[in-house]
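Colleague: I am new to this structure. Could we go through its aromatic contacts?

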Amino acid sequence: MFYSPVITNAAEVASHKDLHLFKYVEDPKQHEIGTYQAHGGYKAWKKVLNGMTADQVTEEVKKSGLRGRGGAGFPTGMKWGFVPKASPKPRYLCCNADESEPGTCKDRVLMERDPHGVIEGMAIAAYAIGCHLMFIYIRGEFNHCRERMEQAMNEAYQHGHLGKNIHGSGYDLEMIVHTGGGAYICGEETALLNSVEGERGMSRMRPPFPAIEGLYACPTIVNNVESLASVPHIINRGADWYGSLGTEKSKGTKIFSLSGHVKRPGNYEVEMGFNLKKLIYDPAYGNGMLEDKKLKGVIPGGASTPFLTPDMIDVGLDYESLQTVGSMLGSGAVIVFNEDACIVWVIKKLIHFFRHESCGKCTPCREGTSWLEQMINRIESGEGQPGDIEKIEDVCGNILGRTICPLGDAAVMPIQSAIKHWRDEWQYHIDQKQCMVKTNFDFK
Amino acid sequence: MILTQESIQEIKEKTAKYPRKKSGILPALTVAYRQLGYVDDEIYHEISKVIKVPYVEIAEAATFYTMFPKKSRGKYLIQVCHNISCALLGADSLISYLEDKLGIKKGETTADNLFTLISVECLGSCSTAPMMQINHDFHENLTREKVDGILETLRSEA
């Protein structure tokens, strides 16, 4: 049985000619190697081992246009290409499965229901960069994912897909399943590497970038689960096919985690550029607003991305289109809220998260998120003072762009956009010492 | 030694795969926590002997992460996600409901040491909100009825 009861659009994906990541995620045996192989699994891995050079693999992924699905959107193949060819050091691959961006629950489904797809993608990426030891860094709380990944890894070894001289190719590849200790920051790639090394999960200054000096100061590539799970499909069906999906600059398909006030929250794989309004209202996806209440706002890409107001949601879900409306694709976590949500209350939830998860290395983020939380809590509890909004904006301005890793920016961007879109509501909260809308969400 | 022979063996097996000893810190802490439900100074020293990494490096790492608390908690650790997706679907009221049912406040443990209730950041169950994690298991799409059933089952098993 499935561990997670989450809704997916697997049926649509199965009958669609191009969608692929979710094709078998409703098959209760897909996590077993026999079923995975019967569905064409490890074919791409064998194809790579039996006739492609590492450069050819990297070129294919470059040509496909695949970009990182964890949040930053960096071209995957290009990243692989940064690994120095002449380096005598070992190279490492780390699959980033520290899924913790509020709103995001897609990698979990891939690991629980199609773990071999993740391993096959990891193996191909490892081959492309000349790596012989690869890691998957799973957040500590995902116990079921860890079990599934370990079980799948053991099966992959037994079937000769991992280990020494894989399928007679002379290529060796070992794998370690590593679990975290409960820290959002470890999803940031340099903090993740520190965590694998047994250090506190704090970000590192860049340069050097991990591709040059990463794990144990050796060339290292860190890729998201969904990015890697896309790779076998690109190898099987070709870069041209993958590049024909999506928009001009955002290629392929993407899983969106839809949550909040919709009738049908779930994980949906769609082509890049899919319309956000459709995702929320179409019966095949979100099926409209819960209790038919009025939409107030949407966070389109996880808790660190700027808000959209209802007039902005007729937009494509891709890297460029969301940029044109002042937001970001992020991890593809679409969080929807109705008019009963006080914006100060929403921000209070978000800033609490970022203050708690700040690693404390950079002063602007460590101190700034704490000040922001105190001021926002003050406003929310009816004790806001004149000038608080301006003070919040000032603190935000002193965090943005002044930290080693993007956590500081992530904390600030939603706040800035919430003030921009709903300034009157913030002012009302300070002047009237109460919410403009009474937030009181009850569970069933 | 407080760590059992099984735990020590598991730590040795897990950490042997890594190119460097220090990488064994998190796996060792995880094994220790699974056995004991806490990891304190004494355990850091034990781990230090097993994986041959200085005590201070283990303490340094352990105190950064939320999953290696120094004190043990109730038999069932209930962690309710209070982040935005769950909050929109009533996580705050779920926490209050659990407080009433268990007769404790958030952060406390019941007198019989059966339940500890805490609230935590996003657990990646956003499309199946609200949710709670009890020990290693996720309970999702929670309703009052479901919560009642889960608590009843745990009480009867205890």
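Colleague: Are Tyr127(A) and Tyr171(A) buried or exposed?

Modeller: This is a predicted model, in which local features need pLDDT of at least 70, side-chain atom pairs count only at pLDDT 80 or more, and totals for chains, interfaces and linings use all residues. Residues are numbered from 1 along each chain as its sequence is written, chains are lettered from A and ligands numbered from 1 in the order in which they are written, and side-chain values use heavy atoms, leaving out hydrogens and water. Buried means under 20% relative accessible area, exposed over 50%, partly exposed in between (1.4 Å probe, protein chains only). By that rule, Tyr127(A) and Tyr171(A) are both buried.

Colleague: How many aromatic pairs are there over all chains?

Modeller: Rings of Phe, Tyr and Trp (its six-membered ring) pair if their centres lie within 6.5 Å; planes under 30 degrees apart count as stacked, over 60 as edge-to-face and the rest as tilted. Over all chains, the count of aromatic pairs is 24.

Colleague: What is the angle between the planes of Phe307(A) and Trp422(A)?

Modeller: Phe307(A) is buried at 1% relative accessibility, and Trp422(A) is buried at 9%. Their rings form an edge-to-face pair, 5.6 Å centre to centre, and the angle between the planes is 90°.

Colleague: Which ring does the charged end of Arg139(A) sit over?

Modeller: A charge sits over a ring if NZ of Lys or CZ of Arg is within 6 Å of the ring centre and within 35 degrees of the ring normal. For Arg139(A), the distance to the ring centre is 5.3 Å, and the ring belongs to Phe142(A).
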